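Let's take a friendly walk through the aromatic rings of a protein model. Keep the structure open beside you as you read.

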Amino acid sequence: MPDNKKFFENLSGAGKAIAVLTSGGDAQGMNAAVRAVVRMGIYVGAKVYFIHEGYQGMVDGGENIKEANWESVSSMLQVGGTVIGSARCKDFRTREGRLKAAHNLVQKGITNLCVIGGDGSLTGANLFREEWSGLLAELLQQGLIDEEATQKYSALHIVGMVGSIDNDFCGTDMTIGTDSALHRIIEVVDAIMTTAQSHQRTFVLEVMGRHCGYLALVSALACGADWVLIPEMPPEDGWEEKMCQKLSATRSRGSRLNIIIVAEGAIDRHGKAITSSIVKDLVVRCLGFDTRVTILGHVQRGGTPSAFDRILASRMGVEAVLALLETTANTPACVVSLCGNQSVRLPLMECVQMTQEVQKAMDEKRFEDAVQLRGRSFQNNLKTYKLLAHRKPASELPVSNFNVAVLNVGAPAAGMNAAVRSAVRVGISEGHKMFAVNDGFEGFSKGQIKEVNWADVGGWTGQGGSLLGTKRTLPAKHLDKIAEQMRKYNINALLVIGGFEALECLMQLYEARASYEEFCIPLCMLPATISNNVPGTDLSIGADTALNAIVETCDRIKQSASGTKRRVFIIETMGGYCGYLASVGGLAAGADAAYIYEEPFDIRDLQSNVEHLTEKMKTSIQRGLILRNENSNENYTTDFIYQLYSEEGRGVFDCRKNVLGHMQQGGAPSPFDRNFGTKISAKAMQWISKKLNESYRRGRVFANTDDSACLLGMRRRALVFQPVVQLKNETDFVHRIPKEQWWLKLRPLMKILAKYKTSYDVSDSGQMEHVVLNRSKASGATAAI
């Protein structure tokens, strides 16, 4: 990590002025992005300005363009919408309006713009940049600015961040606000499903997204909807009959409800709109089902931003400032984007042009091209939905004669059930017989194994915990009995879903292959633990749900102190020795410090933190938040830190402490965990099918190579199968954590945003890439925190 001196030599913002504006429709997380831009800008020595009311404020000038300070963005992280306002501006579309805007910026000395908005807002910013020198010449001619100002402010630099709930911008896996909108949709769907079940109703839900079906598609995937209608892939002619047959078949298998999700821009193959009321009338007329319509509307835009959106926006905001500091007069306007789990910078107009290509493809009825242009993430979502929602007739299924068992190991994690459902349904589609094992390897040794069919896992996606039951028991002590059960049920492959214990289980089975041929079969593990402490993956199923529980609780705890005297909260999080929840939760909740095992601290660090917080409390903030991982230090306990802060802060602030405990493990899975669990489980089953076919010889399966016992994890931009034997060297088995953890690079970001002077590793900061190149590298990765 570079030291401060090197950082400031290379990336000093001294003498620069940066303005931030939000434009177009609002989206949850915009405030987190604004906060990050302001604080990072001030941190590097630049002047930072708010432009209120988007481009309208830029054109009107005056009080709409105000200098921001550190306190200007306090307490806005958890607020939805945009506190600096947004407006659609007709004036800015004219050259006269842009001339006024240029004059207002030059008067303040602003030549760096950070624009948060959709493709229209970013296209407008790029046009403004291209016209800049001409606009200055015109202002000079009119006598509104002098020659010196023309020279001094000769270049305008633009960096964009995409803020839109629609996720309709090409070049990024996720736009700011999309995850929060999915939270709103899934909250409604989960609530509707309970009443629909009571009355045996069909519900038609209309979601937003304009001409993009992302929200509809992912929410359908996340709730297991019976049917989804999106503009990019209109249904084939005769869809009405097929949909009614599907709904009827679902009811005949014992389901008491149907869910149909319609994107607001849904059309048929001839370009005719398909509305929620048309779908409702069709179901009533053809099936006679009691059917209701719910149009979610602007509920999807509102509410508190999710943990994912806060972290995404904070990372993007800091990256945007770095990009502005590194620009030259010849650097094209760029957009800061997310690919897999990595920040990248892409030429703004390449992204805009590809986004416009999607609409052109849809207008020309080239729907396959439209799906492809949306990107690999969208394609994978659509492919996975089709696999899971529509059961092929038995006559169309391949005959494999393979038996695959699936089980959960370790502590329960939200999203496990979505992964099991996905595995069972994809396995059946591949022609396998699927077996579910109750209570992990302990249940396996006792023969708690049963065959499961398509309908058995219906409705599992939204369920928290582990419906199969899970135990921490490792197989080493029960190898004989497990091998016996594998012979009895003729198990040809194993899918293990769990945390660190699951990895240990797979390693033990791999090592036991020398003594037991029964374990010479394809073995695959999916990481599922709230602690996110599994080597070989940047992210685990369940971690996002736990982060949202932490952030939501921290918001409430901080709010409890509003209107009281200055107060500091000490919050203890779970995670074992892994500091992921404390660190990333701290970034999302706006914490002042997060104590973790991976970054040792002593009494001097604690004292420094207390003094820093005391100073801030005296001058500005009213509430402080300190997170502590449960095993960060055996001596500096939560009680010790609480007592230290209480004593040292006496007369300035008082203290409260909270241990969040198992509430982090419970609750319904977040949309992200449902989607992530579903997609990686489908990919794992396809890998198992491939390995089964490769290792089937002379009437039996025999697989004993290293690459037949793998963990499927996300590594930066890609989903990767890694042999578990290779992960041994990457693992600290004593503390049950990986030796290297990507999220440690986010800790300086949290410190900077909390007003600490620290070094910040910019080696990962995005180099300018190209959209096509970016997409080809994505290899199926889903967006990650």
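Predicted model: local features only at pLDDT ≥ 70, side-chain atom pairs only at ≥ 80, totals over all residues.

Phe 721 counts as partly exposed, because its relative accessibility is 23% and that class lies between buried, under 20% relative accessible area, and exposed, over 50% (1.4 Å probe, protein chains only). Residues are numbered from 1 along each chain as its sequence is written, and side-chain values use heavy atoms, leaving out hydrogens and water.

How many aromatic pairs does a search of the whole structure find? The search finds 16. Rings of Phe, Tyr and Trp (its six-membered ring) pair if their centres lie within 6.5 Å; planes under 30 degrees apart count as stacked, over 60 as edge-to-face and the rest as tilted. Trp 687 and Phe 721 are stacked, with 5.1 Å from centre to centre and 15 degrees between the planes. This pair links distant parts of the chain, 34 residues apart: Trp 687 is in helix α23 (residues 671-695) and Phe 721 in strand β25 (residues 718-723). Helices (H or I, at least four residues) and strands (E, at least two) are DSSP runs, numbered from the N terminus.

Now look for Tyr 595 and Phe 601, which are both buried. Elsewhere, Tyr 55, Phe 92, Phe 128 and Trp 132 make up one aromatic cluster.
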